[in-house]
Each structure stands twice: as C-alpha cells, then as structure tokens.
Amino acid sequence: MPGPADRSIRATPVTTATAAAAGEALPAETLPVEKLTTETKAFRLLLASSNAGKLREYRVLAGEQPSAVSLTLELFPDFAGRPSFEETAPTFAENAAGKALHYSRFTSLPVMADDSGLVVTALGGAPGVYSARYAGPGATDAQRIAKLTEKLQDEMRRAGRSSAALDRSARFVCAIALAVHGRVAAVLSDSVSGELLDRPRGNAGFGYDPVFWFPPLGKTFAEMSEEEKNLYSHRGKAFRKMLEFLASSPVL
Ligand code: IMP
C-alpha cells in the first residue's frame, strides 16, 4: 500500500469556526507546513498511540482521495517509554485534547490523538468513554459485547419493556485532537448512528462492530467492507474534518 506521503488527498475547506471549535488558533509559524503548490499543503503528524492498526486505518483514510493536503502520519516514537496520559475525562473531546496536548510536550511536530467509543441511549450513554474498559482490563471484544447485551436485557426488564419496545439506538463517536508545542490547535468530532442487535453478525472490524446495525446499508459494521466502514464511520468522518481543518486553516 502506498504511504500517505506518496499520495495527494483532497479536502473541501470548511469554516474555521467548525474546525477549531474546541481549540485556540495557532500562530502560522508554529506549524511545520510546506507549501507544495498553491493548492497542496504537506504535514507530518505524530499519532499519539502505539497501535499500528490504528495508524494503518488513518493512513488508508488519508490516502483515500485526491486532496489539498499531503499527510505523513507516523506513530509517536517510543510511545510506551513516555510518561503515559490517563484518559479519565468525562468526554471523548477532552480525552483526545488532553492526550494530544500531553504528547505534544515531547516533540516539536504536531501531534494527533483520538478517543472513541459507543454511546447507548437506553444505558444513559454507557459505555461511552469507558468503551474499551467496559468489561474490565484484559477483556476480549466478545466479553465486552456480552456485557453490553446483558446490560440491555437488564434495562429491558427494569423498564418492563418487551424486546421490540426497547430503545436500541446507539452511536459511535470519535474525537480527534491536534496539538503542537503544548497548545491545542483543533478538536474535531463526529458520530454515526445505528441500532444494537442481540446477536453478533459479521466477522470484519473490531470492538462492538458485530452488534452495531447500520440501517442505511442493512448491515452491521462487521459486515461492511473496509471502504464502506471508512465512508460511514465516526472515525472516517472525524478524520475528514481534520483534513478539512488542515486544508483551510488560515493560520497555516
Ligand atoms: P479507543 O478510541 O482506541 O480508546 O477505543 C475505544 C473503544 O471503543 C474500542 O476499544 C472499542 O471497544 C470501541 N470502538 C471505538 N471505535 C469503534 C469502532 O469503529 N468499532 C467498534 N468498536 C469501536
């Protein structure tokens, strides 16, 4: 697969207000931006993660289409050796911003960090920011799904509802933050809505994908191709907003 450095990707400019919703604009000279042409900007970003799968997913997203942004994305060097950041905030945006800010203190390059999870209406928003830890440390995806199904059954009994009357709506949320030199430049969030199934379907994807039914395609996220998931997923949508921010930011 060609790396993002080899490709150009197109992003449609959006307003600064949208892009920098949760961040303070940075002075132009603080971001290492190289103008390739009048239309293309090149960025080198460090991803605050040690997860090679996550890096691969973002690289695929960055290389999807022609763009005004040429992005080189790398894992943060020696991520595990740095003081860690505890994701204890109550919102995805705060966790992403805090993580980006924290790791930006160890480098002069811009740092990208994310936080994501599943928000279930009938469970008052749970598991939310606890999605990864929902069934305790070291639990498998199957154990997290089993716990989710159990909680929905409990809720159904508690509310005296039938399975058909249960509110099965849920959404995946993703927040992506950019920070440089100890300052947050932007926080971009997006979500995708769906419905929870009682039984898993499909073998693709990860996490809660097999029980997340996406009505517009009539499939779970675990039954989608990579291209379909990238098009509709919370992560794909939030990442494209980040590309738009990079393409259109007046401070760059
Ligand atoms: P994090 O953003 O890497 O901390 O991941 C949070 C957790 O949310 C993951 O471990 C999954 O359990 C869940 N999650 C986030 N995004 C997805 C997705 O696209 N599909 C399925 N589960 C997800």
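# Questions on the Fold and Its Local Features

Me: Between which two elements is the loop where Asp-78 is found?
Reply: The structure is a predicted model, in which local features need pLDDT of at least 70, side-chain atom pairs count only at pLDDT 80 or more, and totals for chains, interfaces and linings use all residues. Residues are numbered from 1 along each chain as its sequence is written. Helices (H or I, at least four residues) and strands (E, at least two) are DSSP runs, numbered from the N terminus. In these terms, Asp-78 is found in the loop between β3 and α3 (92-104).

Me: Why does Asp-78 count as exposed rather than buried?
Reply: A residue is buried if 20 or more other C-beta atoms lie within 10 Å of its own, exposed if 12 or fewer, and partly exposed in between, with C-beta atoms placed from the backbone. Phi of Asp-78 is near 50 degrees, a positive value in a residue other than glycine. Most residues other than glycine have a negative phi. Asp-78 counts as exposed because the number of other C-beta atoms within 10 Å is 9.

Me: How many other C-beta atoms lie within 10 Å of His-181?
Reply: His-181 is placed in the loop between β5 and β6 (183-196). Its phi is positive, about 50 degrees, although His-181 is not a glycine. His-181 is partly exposed, and the number of other C-beta atoms within 10 Å is 17.

Me: What is the pattern of the protein chain, read along the sequence?
Reply: The protein chain has six helices and eight strands. Of its 252 residues, 40% count as buried. Read along the sequence, the pattern is α-β-β-α-β-α-β-α-β-β-β-β-α-α.

Me: Which residue stands opposite Leu-45 in β3?
Reply: Two strands pair if DSSP finds at least two bridges between them. Within β3, the residue opposite Leu-45 is Leu-73.

Me: What is the handedness of the β-α-β unit made by β2, helix α2 and β3?
Reply: A crossover is right-handed if, with the strands pointing away from the viewer, the path from the first strand over the helix to the second runs clockwise. Here helix α2 (residues 52-62) belongs to the unit together with β2 and β3. The handedness of this β-α-β unit is right-handed.

Me: Against which elements do the buried residues of α2 pack?
Reply: In α2, Tyr-58, Arg-59, Leu-61 and Ala-62 are buried. They cover an arc (that of the directions from the helix axis to the C-beta atoms) of only 160 degrees, which puts them on the same side of α2. On the other side, Ala-52, Gly-53 and Arg-56 are exposed. The buried residues of α2 pack against β2, β3, α5 (226-232) and α6.

Me: Against which strand do the buried residues of α4 pack?
Reply: The buried residues of α4 are Arg-144, Ile-145, Leu-148 and Leu-152. They cover an arc of only 100 degrees around the axis, so they lie on the same side of α4. The face turned away from that buried side carries the exposed residues Ala-142, Glu-150, Asp-154, Arg-157 and Arg-158. The buried residues of α4 pack against β6.

Me: Which strand gives the largest share of the core?
Reply: A nonpolar core is a set of buried Ala, Val, Leu, Ile, Met, Phe, Trp, Tyr and Cys residues joined through C-beta atoms within 7 Å. Of the 62 residues in the largest nonpolar core, Ala-100, Val-111, Ile-176 and Ala-177 touch the most other members. The largest share of this core, ten residues, comes from strand β5 (residues 169-180).

Me: How many of the 15 residues of α6 are buried?
Reply: Helix α6 (residues 234-248) reaches 21 Å from its first C-alpha to its last, close to the 21 Å expected, where the expected span is 1.5 Å times one less than the number of residues. Leu-243 lies in this helix and is buried, with 25 other C-beta atoms within 10 Å. Helix α6 is largely enclosed by the rest of the structure, because the number of buried residues among its 15 is 13.

Me: What is the omega of the peptide bond from Ala-126 to Pro-127?
Reply: Pro-127 lies in the loop between β4 (111-120) and α4 (141-158). Most peptide bonds are trans. The bond from Ala-126 to Pro-127 is cis, with omega near -5 degrees.

Note on methods
Two residues are in contact if their C-beta atoms, placed from the backbone, lie within 7 Å.
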